[in-house]
Amino acid sequence: MTQNKFFHFIPLISTMAGIFYFSGLPGDDISLPGFFASDKILHASAYAFLAGTAIFAGHPWINRISPNRHTIALMIFCTLYGASDEIHQSFVPGRMASIGDLAADTFGAVLAILLWRCILSKKYT
């Protein structure tokens, strides 16, 4: 891997590390904004950002596989990272794993990926 391609992974690895760090904070150390569903909005936003950095990391290789396979691979990657994040949270005091959080993670990632596909399709039409 050339040095230029390596730098494409720095935002992705940083985002993954940030998600892991915040998932490891005990429940007492976290104060969420007071509006309705703020937890789910934060999850969706974090995983939309994760998807964006994954798209950026894969950019040098995007022409090697079909756009549909790339989209599915991104969705699977983000969902599996979300599942591992929920498992990680289950071991943190005051935190628990949640299917609702995983759904919000997946929703955010899929939304970002589909937005990217929509922008990409308009660029080449």
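1. I begin with F6, which sits in helix α1, the element that spans residues 3-7; the model is a predicted one, and the points that follow should be read with that in mind.

2. With a relative accessible area of 43%, F6 is partly exposed, because that class covers the range between 20% and 50%. F6 also belongs, along with F7 and I10, to a nonpolar patch on the surface, and the accessible area of these residues together is about 280 Å².

3. How many aromatic pairs does the ring-centre rule give? The count comes to 3 aromatic pairs, and one of them joins Y21 and F22 in an edge-to-face arrangement, with 5.2 Å centre to centre and 75° between the planes. The label edge-to-face applies because the angle between the planes is over 60 degrees.

4. Both partners of that pair are exposed: Y21 has a relative accessibility of 51%, while F22 has a relative accessible area of 53%. Each is classed in this way because the cut-off for exposed is over 50%.

5. Another aromatic pair is formed by Y47 and Y81, whose rings are tilted, at 6.4 Å centre to centre and with 40° between the planes. Since Y47 lies in helix α3 (residues 38-58) and Y81 in helix α4 (residues 67-89), the pair ties together parts that are 34 residues apart in sequence.

Methods
Residues numbered from 1 in each chain as written. Predicted model: local features only at pLDDT ≥ 70, side-chain atom pairs only at ≥ 80, totals over all residues. Heavy atoms only, no water. Patch = residues over 30% accessible without salt bridge, like charges linked within 9 Å, V, L, I, M, F, W, Y side chains within 5 Å. Areas by Shrake-Rupley, 256 points an atom, 1.4 Å probe, with all protein chains shown as cover. Salt bridge = Lys/Arg side-chain N within 4 Å of Asp/Glu carboxyl O. Helix = DSSP H or I, 4+ residues; strand = E, 2+ residues; numbered from the N terminus. Buried < 20%, exposed > 50% of the residue type's maximum accessible area, 1.4 Å probe, protein only. Phe/Tyr/Trp six-rings, centres within 6.5 Å; stacked < 30°, edge-to-face > 60°.
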